[in-house]
Amino acid sequence: MDSHASLHRVAARLLPAALFAAVGGLNLHAGLVASSRSTMIHQLLSAALWFMFAVLVVIRPVPLRRTTDRMGVAVAFGAQGAVVVLGAIGGDAGSGMRVAIGSVLLAAGLVFALVSVAVLGRCFGVLPDVRGLVTRGPYRWVRHPLYLGELVAALGVALGAKQVVLALAVWAVSVALQLARTRYEERSLSAQFPEYATYSQRTKRLVPFVV
């Protein structure tokens with residue numbers, strides 16, 4: 001059991017954190033050697049996003065109940081993997097208006113994600129485990145505001161990438177995986193909290209008043 005638990009911690013915590021930190025380092029280096037101020041700002045914002053992911057993965061608490069759904073775990077890791085790939089592509093930013101727009105989206109998504117994390121507190125996680133139910137702050141309107149912030153920031157990364165078509169394709173894959181991920185998380189939360197059904201009826205899954 002001890003060896004199995006250790007392997008689980010490496011797979012679910014240390015490895016994703018190392019990958020996010022590596023992508024953050026790539027973007028940080030790109031920002032420091034950038035030839036223009038707009039590209040530098042874009043790359044530094046990107047680095048901040050990936051370093052935030054790395055820190056959140058490391059500090060997340062032990063769940064109240066771990067998921068036993070292998071597909072849910074696979075989807076969660078797939079969503080994180082798509083974000084890592086997008087970060088690697090975004091390590092080579094373009095220039096011009098796309099980068100400026102991407103930086104605005106990056107900054108807005110980062111701020112919204114950080115606010116969501118602050119409200120979420122110790123209920124934050126990566127896998128569809130149960131860590132608690134939060135219904136205050138942005139969670140009054142959407143059930144997954146942290147993912148919304150991440151996707152907006154990731155869209156900013158994609159728009160600013162030199163290989164923008166490839167980056168947008170990867171971003172679209174990450175959106176699909178995140179939507180699938182929310183369904184597994186909600187299944188676990190519904191099983192743990194009877195009041196989750198009522199909460200779901202008065203909120204949207206990802207985008208306020210839309211989806």
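**Notebook: salt bridges in a predicted model**

I began with Glu186 and found that its side chain meets that of Arg143 in a salt bridge, with N to O at 2.8 Å. I then checked where the two residues sit, and this pair links distant parts of the chain, for Glu186 belongs to helix α6 (residues 164–192) while Arg143 lies in the loop between α4 (97–120) and α5 (145–160), 43 residues apart. I also noted that Glu186 and Arg143 are buried. I keep in mind that the model is predicted.

Next I asked which other residue meets Glu186 in a salt bridge. I found Arg205, whose side chain meets that of Glu186 at 3.2 Å, N to O. This pair, too, links distant parts of the chain, since Arg205 is in the segment after α7 (196–201) and Glu186 in helix α6, 19 residues apart. I looked up their accessibility and recorded both Glu186 and Arg205 as buried. Through salt bridges that share partners, Arg143, Glu186 and Arg205 are joined into one network.

I then turned to Glu185, which forms a salt bridge with Arg181, where the closest N and O atoms are 3.6 Å apart. Here both residues lie in helix α6, four residues apart, which is about one turn of the helix. Are Glu185 and Arg181 buried or exposed? I noted that Glu185 has a relative accessible area of 13% and is therefore buried, and that Arg181, at 2% relative accessibility, counts as buried as well.

To close the entry, I searched the whole structure, and the search finds three salt bridges.

Technical notes: Residues numbered from 1 in each chain as written. Predicted model: local features only at pLDDT ≥ 70, side-chain atom pairs only at ≥ 80, totals over all residues. Heavy atoms only, no water. Salt bridge = Lys/Arg side-chain N within 4 Å of Asp/Glu carboxyl O. Buried < 20%, exposed > 50% of the residue type's maximum accessible area, 1.4 Å probe, protein only.
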